[in-house]
Amino acid sequence: TCALPILNRCNIRCVMCFHSLESTRRERTVYLSPDDFAFVASRVLPHARHLSLSLGNEPLMSPHFVEILRLASGYKVPNVNFFTNGLLLDDKRMDAIIEYGVTQLCISIDGATSATYNAIRRDGNFEHLIRNVKRFIARRDAMQSATPRVRFDFVLMKRNIHEAPELVKLAAQLGVQQLAFRHLVSFDGLNMEQESLRFEKALSDECLRTA
């Protein structure tokens, strides 16, 4: 498995994410250049079975995103994915994701309604995301490609656990093929400890059972 984050930035400020920390926001923006990616890829990707292009950042913000996908595609890594909030998907990026062999598109969503999603994923827009997901799946299907499979990623918290069953319905309606639920990781300085479900086992189990 090879994880190669291609930048250190995100375009939104989720309430539970380290990108909401002032210390993170003050960091200098750094992009992995195509030349640097090519250097690392030539030594690592011939031996990799899984490549991920993001670790908590927003890869679609990189001006080199499409070129890096093109470079990675030459190595025919069996499993290629990245995590994104999906808000910056446009036609050029969509076509590159499909054409250059991404096998799984992981979209962070954290809410099945506009009110919950927009409150958690600050600077995000639920309706815009749903439109992008619909467009991407339609574009992939029109290109008669089986990949990438689309997955919704949902961080479980007290404030959104009740929407887990609705997320399953929404995913089915949109044609999203996979779901991943993860418990909250509380970063120091964000005051999110009270949102953890570790002391709400009955609530968590019931909502996930229903989902």
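I began with helix axes, which are lines fitted to C-alpha atoms over the stretch in contact, with angles running from 0 to 180 degrees between N-to-C directions. Helices (H or I, at least four residues) and strands (E, at least two) are DSSP runs, numbered from the N terminus.

A note on the model: it is predicted, so local features need pLDDT of at least 70 and side-chain atom pairs count only at pLDDT 80 or more, while totals for chains, interfaces and linings use all residues. Residues are numbered from 1 along each chain as its sequence is written, and side-chain values use heavy atoms, leaving out hydrogens and water.

**Entry 1: H2 and H3**

I looked up helix H2 (residues 34–44) and helix H3 (residues 65–73), whose axes come within 10 Å and cross at roughly 20°. That makes H2 roughly parallel to H3 (angles under 35 degrees count as roughly parallel, over 145 as roughly antiparallel, 65 to 115 as roughly perpendicular and the rest as oblique). Pro 34, Phe 37 and Ala 38 of H2 make the contact with Glu 67, Ile 68, Leu 71 and Ala 72 of H3; contact means heavy atoms within 4.5 Å. I sorted this contact by class and found six nonpolar, no polar and one charged residues. Here Ala, Val, Leu, Ile, Met, Phe, Trp, Tyr, Cys and Pro count as nonpolar, Asp, Glu, Lys and Arg as charged, and the others, Gly among them, as polar.

**Entry 2: H3 and H4**

Next I followed H3 to helix H4 (residues 91–99): the two pack at about 10°, with axes 10 Å apart. H3 is therefore roughly parallel to H4. From H3, Phe 65, Val 66 and Leu 69 meet Lys 92, Arg 93, Ala 96 and Ile 97 of H4. This contact has five nonpolar, no polar and two charged residues.

**Entry 3: H4 and H6**

How do H4 and H6 lie, roughly parallel or oblique? I found an angle of about 45° between H4 and helix H6 (residues 126–142), with axes 10 Å apart, so they are oblique to each other. Asp 91, Met 94, Asp 95, Ile 97 and Ile 98 in H4 meet Asn 132, Arg 135, Phe 136, Arg 139 and Arg 140 in H6. I counted four nonpolar, one polar and five charged residues in this contact.

**Entry 4: a look at the strands**

Strands E4 (79–84), E7 (149–156) and E8 (178–183) each supply at least two lining residues. E7 gives the largest share, three residues.
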